[in-house]
Amino acid sequence: METTITEKIKILIADDEPDILVIMELILKSQGYEIIKGTNGIEALELASEHLPDLILLDIMMPEMDGWEVLRLLKTDPRTAEIPVAMVSARDGSRPKITSMQEGALDYVTKPFDSLELLNKVKELLGK
Ligand SMILES: [Mg+2]
């Protein structure tokens, strides 16, 4: 019998709020994605270079190093520069969204998000 090993799509989520990590993990795991979790900027950066995920959901306001700095460093490392990143923040409005794009992120997720919205964005980002 032949065994097929299907490599799961890996998503790194970084947020300093444990509740957000739990919710995101539940939503994304329900679709079969493999989840890696980081709780601050430095950890997010380390996990990104260690696991080279397919997508990164990056909270902006985090201790140690904020999401903007993490994004800049990800973009300067050729190993992680091409990984799609969506910034995540509670701040609403068009400014954080525009800044996200200028800094090289592909999308912006506003907290609180609903599960369908999140999944649609993730699917779209993985397709890019
Ligand atoms: Mg935060």
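A residue counts as buried if 20 or more other C-beta atoms lie within 10 Å of its own, as exposed if 12 or fewer do, and as partly exposed in between, with C-beta atoms placed from the backbone. By that criterion, buried residues make up 27% of the 128 residues in the chain. The model is predicted, so local features need pLDDT of at least 70 and side-chain atom pairs count only at pLDDT 80 or more, while totals for chains, interfaces and linings use all residues. Residues are numbered from 1 along each chain as its sequence is written.

**Overall layout**
- The chain holds 5 helices and 5 strands, which are DSSP runs numbered from the N terminus (helices H or I of at least four residues, strands E of at least two).
- From the N terminus on, these elements follow the order β-α-β-α-β-α-β-α-β-α.
- Along its principal axes, the C-alpha trace spans about 55 × 35 × 25 Å.

- The 5 strands form an open sheet in the order 2-1-3-4-5 with parallel pairing, where two strands pair if DSSP finds at least two bridges between them.
- Strand 2 (34–38) and strand 5 (107–110) are the edge strands, each pairing on one side only.
- Strand 1 (residues 10–14) pairs with strand 2 in the parallel sense over 5 bridges, and Ile13 stands opposite Lys37 in strand 2.

**Contacts along the chain**
- Among contacts with a separation of 6 or more, 58% are between residues 24 or more positions apart, a contact being two residues whose C-beta atoms, placed from the backbone, lie within 7 Å.
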